[in-house]
Amino acid sequence: MQRRLNRVLDSSCDDKLLALVDVEGFVPEEVTVTVKDGKVKVLAEHEEERTTTRGKVYNYKNIKKEISLPPGVSEDEVTYSLGCNNVLKIKTEHKCHPCLPSP
């Protein structure tokens with residue numbers, strides 16, 4: 001996953017990028033982004049149920065990320081988009097350095 005994010009960073013890094021969040025395995029409807037109290041919060045939850053010959057199997061996975069906004073960046077300046085490569089790109093109108101994936 002880190003190699004994939006590094007490739008994305010190398011190809012798409014710009015000075016207004018706040019964070020990249022890998023949401024592979026989640027459909028867009030399962031990803032929620034909120035900007036509040038000086039933070040960007042990303043929540044992704046996926047739940048699935050399958051029936052096998054041994055019974056039901058439940059799978060659940062989630063991602064929770066919280067990114068603090070840099071000084072001077074207001075909440076209404078934050079934009080985000082989900083690319084076809086399953087990476088959520090969070091940007092701002094102000095320059096942000098360094099351009100790094102979220103932890």
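Q: Patches are made of residues with over 30% relative accessible area and no salt bridge, like charges being joined within 9 Å and nonpolar side chains (Val, Leu, Ile, Met, Phe, Trp, Tyr) within 5 Å. Which residues gather in a patch of negative charge on the surface?
A: In this predicted model, Asp37, Glu75, Asp76 and Glu93 form such a patch. Asp and Glu count as negative, Lys and Arg as positive, while His and the chain ends are not counted. The place of a charge is taken as CG of Asp, CD of Glu, NZ of Lys or CZ of Arg.

Q: Why is Glu75 called partly exposed?
A: Buried means under 20% relative accessible area, exposed means over 50%, and partly exposed lies in between (1.4 Å probe, protein chains only). Glu75 has 36% relative accessibility and therefore counts as partly exposed. Glu75 lies in the loop between β4 (55–68) and β5 (79–82).

Q: What makes Asp37 exposed, and what is its phi?
A: The relative accessibility of Asp37 is 61%, so Asp37 counts as exposed. Asp37 has a positive phi of about 55° although it is not a glycine, and lies in the loop between β2 (31–36) and β3.

Q: Where is Asn86 found, and what is its phi?
A: Asn86 belongs to the loop between β5 and β6 (87–91). Its phi is positive, about 60°, although Asn86 is not a glycine. Asn86 has a relative accessible area of 28% and is therefore partly exposed.

Q: What makes Glu66 and Lys39 a salt bridge?
A: A salt bridge is a side-chain nitrogen of Lys or Arg within 4 Å of a carboxyl oxygen of Asp or Glu. The closest N and O atoms of Glu66 and Lys39 are 3.4 Å apart, and the two form a salt bridge. This pair links distant parts of the chain, with Glu66 in strand β4 and Lys39 in strand β3 (residues 39–52), 27 residues apart. Lys39 is partly exposed because its relative accessible area is 27%.

Q: How many salt bridges does the structure hold?
A: The structure holds 2 salt bridges. Besides the pair above, Lys56 forms one with Glu49, the closest N and O atoms being 3.1 Å apart. Lys56, at a relative accessible area of 51%, is therefore exposed, whereas Glu49, at 46% relative accessibility, counts as partly exposed.

Q: Why is Ala19 called buried?
A: Ala19 is buried because its relative accessible area is 1%. Ala19 is found in strand β1 (residues 17–22). Ala19 and Ile90 are 71 residues apart in sequence, yet 5.2 Å apart in space, C-alpha to C-alpha.

Q: How many helices and strands does the chain have, and in what pattern?
A: Helices (H or I, at least four residues) and strands (E, at least two) are DSSP runs, numbered from the N terminus. The chain has 1 helix and 6 strands, and follows the pattern α-β-β-β-β-β-β along the sequence.

Q: What share of the chain is buried, and what share of contacts joins residues at least 24 apart?
A: Of the 103 residues, 32% are buried. Among contacts (heavy atoms within 4.5 Å) between residues at least 6 apart in sequence, 56% join residues at least 24 apart.

Terms used: Residues are numbered from 1 along each chain as its sequence is written. This is a predicted model: local features need pLDDT of at least 70, side-chain atom pairs count only at pLDDT 80 or more; totals for chains, interfaces and linings use all residues. Side-chain values use heavy atoms; hydrogens and water are left out. Accessible areas come from the Shrake-Rupley method with a 1.4 Å probe; for residues, only the protein chains shown count as cover.
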